[in-house]
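Here is a short note for a colleague opening this model for the first time. Please read the points with the structure in view.

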Amino acid sequence: MILYRLLNFFNTILRLIMKFISLLLCSISVMTASVVTPDDYLMSTDKEVDYIYPEEYAPLMPNMKAYQKEVMQEYEKEFGFKLDDKMSVGVASSNNQIANAFSTQIPFNMQVFYGAGVGYVDYFSTTSWLKTLVIHETAHNFQLNPKENFVSKTSHKILGNNPISFLGLFPLFAVPNVLENSFILEGNAVMNESRFGNGGRLFSGYALAEVVAMAKAGVIRPELMYNATLEFPYGEKAYLVGGFFQQFLVEKYGLEKVNGYFKTFSTQPLPFFTSAMFKKQYGKSFKVLLKEFVDALKDKHNGFTPTQGELLARSQIFTPLNKKDNEIYTLIGDRKSAPKVLKFNCQNMTKSLEEGSWRVGELFKINNRYYSEASAQTSPVKITMGLFDSDGFLKKGFEGQVFQGFTQSGKKVYFDVAKSIESPQLYVDGKFYTQSHSSVYIDGEDLYYFKQEGEKRTLYKNKTALFSFEGHYGFVSDVDRAGVVYFIASSKDGSSVYSVKNGQIERVKSSDDIIDFKLLDNHQALVATIDAYGYAYRQIKLNRGEFSTPYKINIPQNALMNSSLRKRDFLTHSKLLEAEDYNAIKELKYSSLGQALSYGSYTGFGIDLQANFADPLLQNSATATFSHNDAREIVGLAYENSAYRLNYGGAIYGVLNHKDNASQRNVGYDVYANLPLMASGYWRADATLAYTKDYDTIYREPLTLSLNILNAKQFGLSKYVNSLNALEIFGSKDREVNMFGGTYHFKHDLVGQSYVGVKASYFKSNSVNSLEEKGIALRDGLSALQSDNASLDIPSFSTTRYAQEVKMAELSLSKVFDGSLYFFSFPLSLQRETLYAKQRIYDIDFSKTLQQTYYESTLGTTFDFLFLNQFSLPMSLEWIHNQEVEEQNQVRVLFGGSF
């Protein structure tokens, strides 16, 4: 009996964890795709790939399709298989100005591209943003798609693209490679993006400097690379360190061996064992090969020279340095609180800081105010790149632009975001100027920038070529009064600063970690450097006299692509693809079948089935559910739609039979409509109308109208919101009972990751009847009804009670600690911890004659665990004390959620 209980407990915990992973994997693609704002799209279908795109990008699609076809043919040879599902490729409209893309197998074999990569033209070191996305994201589709074991193949045929389901106790992974680590997935995609003649991050001196510095500091270790750590270089390590690691493997074993690894990884029915798959593929474990990689880096770059000079500041974020009059400025921050403006006065050599709530991005000073270049939601149906002020509001006249500066005569210089989806298009004073493959430095009326042609990078002054070098990384950082141009470019061991005049190139500092540079005078400069722990800003003296050209980073361009197609601009094609209007409802199609078997002493054997449907842009979804056990049978249908500004959805459930139907309905349903009202700065507002008639009760059926207004600021990796002002008000009608109420919530960070919060709620009902569940519901847990706003969670209560009037006030304090403990092989690691305390006062009128006051105290701690190196699994242990209830002291364990 004890063994049975232990097995049952283990099974329950395992299922909870696996269900959590399944929900997380599903939500990743849904949350990512939900930023495709409502718009009109076209759809062009083909045998292997469907393309979904707005009319504005229709001229790009024929050449993009031809380019992607050759990339896929190349990958089929190297990865060792053809994709077993038709692929869907979405190109988001220019109302989604985000520098990103994603690829997923859930719910479909699909990818979505966003077009605002021009804002990172120096970082990516590429010629074409769209080609980079095609190469990188298609690599992900090939990484994730294989199923080389009987269990996965069979379950995929039956269950579709389901991340995990169960056959009894045994988990089924229909798409096993979704559990491969980001360090391998992103690193491999970065390696592949850098070998198609389009540049790539492996050509970046910034990336090389970061990786070499980390190798020399001894922080490239299995447990730090494989876990989603909260330390520098954060998620960037998967791309940069992972990319160079994959290139090391290619040089050691060959391209087909490295890309073929993912087919090998998918031979596991239980896809958890990286080292075993590394030994199977390469003959050596991951740990051994990572150490060999680090040793090779340190040996190859033993001449790496860090910058020496007066330290002015350190930062965990990096944005380019800028200069106006006698001031050099940039944004710095710790990734846990609001960034600050670092200002350096070039005349008196002093520094100062200015506080604000800027979005992270390159900083510009206009009319004595600072604005940062960023991308953010500026209306309920638009995400815009442009300049934002310290309160997060978009500066008028700069929307859809990557601002570079003003000329001396006041002409605005910028990249047009919508027109730069394929390659960067530079505009001056509203007129097209040229194509540039670097950021632009403005000196008076002169523009300095680089153009890329093949492996040749050429510096231009206005439209006159000055000199060329071989490489893909380089941007102008300053020009002195004598016309000497200073620029950042690759060195043999990282990134350094060079100058050029009359074609003569001089390296002005022997350091290999300089990623930005601004002159103070002819002999001194302020530089930004990178090391293993973040960024540093230093005042240095220049070392002139070393005549040296930028170092050429050699990455074999071994993709066997048609040379004319490799060089062709996507816009050179005139004949458009055959397409029809995209209809999200029409494109709703089957994705997967979720199933689970269960057993309980009361319910007996049970089976749960859920068929999932979605469209390729994830603008609407549907589920069909069947649940059976000895106690009851339930069938249900649910649908949600976000294709328009008005989001809406509904669900209906029918109870076919159940043992005890005295407290249950035969049918339950839930419908809602949500209308976003405002999205500007950090402000958001929306209204929701919802009606719920749940099958679990024969009573409660609230119709609710609610309004939510909030201003929320959360920076970087802060565990909690750094600043919050939120108000929710509602009115609800449940049968003949009318209820209304509201909650105000304030929260703000203090020093050292400490937070203080205040919350106040008021609820009122014109009638109360506990037997008929009328009135304000006071629950011991969160309501199962999503539209039941007329309820309050009181953790110290042991049962649900009903009240006529409720007042609640709360004061909360919390402190986050960065104590971490990471493991490579052990499935659980620790990211950070939190201590928190809450004091609540409830003033409750249960009826006109019964009133009571409760004082509820909570002390708790939260451990942010990582499961399988990458899945966040917060666990809280808290003690609750309420002297006015029967069970005065309670201890509970919570998974997920937030304080």
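Is R840 buried or exposed? R840 is buried, because its relative accessible area is 10%. Buried means under 20% relative accessible area, exposed means over 50%, and partly exposed lies in between (1.4 Å probe, protein chains only).

1. Ground rules. This is a predicted model, in which local features need pLDDT of at least 70, side-chain atom pairs count only at pLDDT 80 or more, and totals for chains, interfaces and linings use all residues. Residues are numbered from 1 along each chain as its sequence is written, and side-chain values use heavy atoms, with hydrogens and water left out.

2. The partner of R840. The side chain of R840 meets that of E810 in a salt bridge, at 2.6 Å from N to O. The term stands for a side-chain nitrogen of Lys or Arg within 4 Å of a carboxyl oxygen of Asp or Glu. This pair links distant parts of the chain: E810 sits in strand β46 (residues 805-817) and R840 in strand β47 (residues 828-845), 30 residues apart. E810 counts as buried, at 8% relative accessibility. Strands are DSSP runs of E with at least two residues, helices are runs of H or I with at least four, and both are numbered from the N terminus.

3. Other salt bridges. The structure holds 37 salt bridges. One of them joins D50 to K86, with the closest N and O atoms 2.9 Å apart. D50 lies in strand β2 (residues 49-53) and K86 in the loop between α2 (61-80) and β3 (87-91), so the pair ties together parts that are 36 residues apart in sequence. D50 counts as buried at 6% relative accessibility. K86 counts as partly exposed at 40%. D512 and R507 form another salt bridge, their closest N and O atoms being 2.8 Å apart. Both D512 and R507 are buried. Look also at R700, D734, R735, R779 and D788: salt bridges link them in a network.

4. A sheet of 4 strands. This open sheet has the order β8-β30-β29-β28, and its pairing is antiparallel. Its edge strands are β8 (310-315) and β28 (514-519), each pairing on one side only. From one strand to the next, the twist averages 20 degrees. Two strands pair if DSSP finds at least two bridges between them. β8 and β30 (residues 534-541) are joined over 5 bridges in the antiparallel sense. There, L311 stands opposite R538 in β30.

5. The helix across that sheet. Helix α7 (residues 205-217) lies across β28, β29 (524-531) and β30. It runs at about 60 degrees to β29. Contact means heavy atoms within 4.5 Å. Axes are lines fitted to C-alpha atoms, for helices over the stretch in contact, and angles run from 0 to 180 degrees between N-to-C directions.

6. A sheet of 3 strands. The order here is β13-β14-β15, in an open sheet with antiparallel pairing. β13 (363-366) and β15 (382-388) stand at the edges with a single partner strand each, so one side of each is left without a neighbour in the sheet. Neighbouring strands are turned by 35 degrees against each other on average, direction ignored. Strand β14 (residues 369-379) runs antiparallel to β15, with 7 bridges between them. S372 stands opposite F388 in β15.

7. Two hairpins through β22. Strands β21 (residues 446-453) and β22 (residues 456-461) pair in the antiparallel sense over 6 bridges. Y449 has Y460 in β22 as its bridge partner. This hairpin has 2 residues between the strands, and G454 takes a positive phi near 65 degrees. β22 is also joined to β23 (residues 464-470) by 6 bridges, again antiparallel. R457 stands opposite F469 in β23. β22 and β23 form a hairpin with 2 residues between them, where N462 in the turn has a positive phi of about 55 degrees.

8. A nonpolar surface patch. The patch has about 770 Å² of accessible area together, and its residues include F393, L677, W683 and Y744. Patches take residues with over 30% relative accessible area and no salt bridge; like charges are joined within 9 Å, nonpolar side chains (Val, Leu, Ile, Met, Phe, Trp, Tyr) within 5 Å. Accessible areas come from the Shrake-Rupley method with a 1.4 Å probe; for residues, only the protein chains shown count as cover. β37 (667-680) and β40 (723-734) are the elements that give two or more residues. The largest share, 3 residues, comes from β37. L677 lies in β37 and is partly exposed, with a relative accessible area of 41%.
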